[in-house]
Amino acid sequence: MAKNDLENKNFEVALEELEDVVEQLETGELPLEESLVAFEKGVGLVIYCNQKLTEAEKRVELLVKDKEGKVQFRMLDTVALRQEDEND
């Protein structure tokens, strides 16, 4: 899958496309060459979705670090409330 094709997609669209590719491959009805093309597209979508999930995880981690930089795992609602308290 071309990198430019992925740059214009959001995670949800890419995931839906990946699900479609998997469904096509699971039918076993595609000719070999089309199966290979679909498989390559699927691999590209998996890599893209994985990157987006990693980016999201890093953003969440930044939100939950304490002042010393240690990750404090809490419910997101607690984090949001703490940030509101700090802004007041």
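Biologist: Leaving aside neighbours within four places in sequence, which residues is Leu18 in contact with?

Modeller: Leu18 touches Gly42, Leu45 and Val46, where contact means heavy atoms within 4.5 Å. Bear in mind that this is a predicted model, where local features need pLDDT of at least 70, side-chain atom pairs count only at pLDDT 80 or more, and totals for chains, interfaces and linings use all residues. Residues are numbered from 1 along each chain as its sequence is written, and side-chain values use heavy atoms, with hydrogens and water left out.

Biologist: Why are H2 and H3 called roughly antiparallel?

Modeller: The axes of H2 (residues 11-27) and H3 (residues 32-63) cross at roughly 150°. Angles over 145 degrees count as roughly antiparallel, so H2 and H3 get that label. Their axes also come within 9 Å.

Biologist: What makes up the contact of H2 with H3, by residue type?

Modeller: The contact residues divide into 13 nonpolar, three polar and three charged. Here Ala, Val, Leu, Ile, Met, Phe, Trp, Tyr, Cys and Pro count as nonpolar, Asp, Glu, Lys and Arg as charged, and the others, Gly among them, as polar.

Biologist: What makes up the largest nonpolar core?

Modeller: Seven residues: Ala14, Leu18, Val21, Ala38, Leu45, Tyr48 and Cys49. A nonpolar core is a set of buried Ala, Val, Leu, Ile, Met, Phe, Trp, Tyr and Cys residues joined through side-chain atoms within 4.5 Å, and buried means under 20% relative accessible area (1.4 Å probe, protein chains only). H3 gives the largest share of this core, four residues.

Biologist: How many of the chain's residues are buried, as a percentage?

Modeller: Buried residues make up 18% of the 88.

Definitions and conventions: Axes fitted to C-alpha atoms, helices over the stretch in contact; angles between N-to-C directions. Helix = DSSP H or I, 4+ residues; strand = E, 2+ residues; numbered from the N terminus. Parallel < 35°, antiparallel > 145°, perpendicular 65-115°, else oblique. Buried < 20%, exposed > 50% of the residue type's maximum accessible area, 1.4 Å probe, protein only.
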